[in-house]
Amino acid sequence: MDQNNTELTRDRIFDILSSPRRRYVLYFLRTEPNPIQLTDLAEHVAAWENDTTVEDLSTQQRKRVYVSLYQTHLPKLAESGLVNYDEESGDVSIASKASEIDPLLGEQQSQPAWYIYYFGLAVLSTLLIVASVAGLGISQGLLAVGIVGAFVLLTVVHVVYEWRKQAPPAEFRE
């Protein structure tokens, strides 16, 4: 089926986006730079729907989502030209045509440049160490605890940010 000739009318778009599962598939695929296997996609969707992790999913939860993606949702998304879906290999990826509905799915948040935060903290730590060694009245023990604590805190913030990023925005739920 030629995906590029399928017109995305307003009614067709609303029909496609009427399913929270299809909205999440589109949302998730927009965050994936490479094709993903259907089995992996089904696990992420099932984990999101069951508010759990992929590791804690039951076989039944995985299978239920896999079957519905395979039989209904991915064919519909592929027919509309929004995803590329190869039934033989199981590869699924976002199609360039999906950018046409991006305004309806919300803005993609820009990613913080975490390396800049870590680099900035390293530079600040270096300056504080130099000040301590130069005898500017900074206790070396307190300085060491402060630097390690700052890196631990930044790492925790980074991990929480990445964890929350995995969940789609509230408007994708229902």
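This is a predicted model: local features need pLDDT of at least 70, side-chain atom pairs count only at pLDDT 80 or more; totals for chains, interfaces and linings use all residues.
**Entry 1: aromatic pairs.** I began with the rings, and the count came to six aromatic pairs. One of them joins Y24 and Y27, with 6.0 Å centre to centre and 35° between the planes, so I logged the pair as tilted. I then looked up where these two tyrosines sit. Both belong to helix α2, residues 20–30, and three residues, about one turn of the helix, separate them.

**Entry 2: burial of the tyrosines.** Are Y24 and Y27 buried or exposed? Y24 has 3% relative accessibility, so I put Y24 down as buried. Y27 comes out at 11%, and since buried means under 20%, Y27 counts as buried too.

**Entry 3: Y24 and W48.** Next I followed Y24 to another partner, W48. Their rings form a stacked pair, 4.4 Å centre to centre with 10° between the planes. W48 lies in helix α3 (residues 38–49) while Y24 lies in helix α2, so this pair ties together parts that are 24 residues apart in sequence. I checked burial here as well: W48 is buried, as is Y24.

**Entry 4: the cluster.** Which residues do the ring pairs link into a cluster with Y24? I found Y27, F28 and W48 linked with Y24.

**Entry 5: a surface patch.** V148, V152, V156 and V160 make a nonpolar patch of about 320 Å². At 47% relative accessibility, V152 went into my notes as partly exposed.

Methods: Residues are numbered from 1 along each chain as its sequence is written. Side-chain values use heavy atoms; hydrogens and water are left out. Rings of Phe, Tyr and Trp (its six-membered ring) pair if their centres lie within 6.5 Å; planes under 30 degrees apart count as stacked, over 60 as edge-to-face and the rest as tilted. Helices (H or I, at least four residues) and strands (E, at least two) are DSSP runs, numbered from the N terminus. Buried means under 20% relative accessible area, exposed over 50%, partly exposed in between (1.4 Å probe, protein chains only). Patches are made of residues with over 30% relative accessible area and no salt bridge: like charges are joined within 9 Å, nonpolar side chains (Val, Leu, Ile, Met, Phe, Trp, Tyr) within 5 Å. Accessible areas come from the Shrake-Rupley method with a 1.4 Å probe; for residues, only the protein chains shown count as cover. A salt bridge is a side-chain nitrogen of Lys or Arg within 4 Å of a carboxyl oxygen of Asp or Glu.
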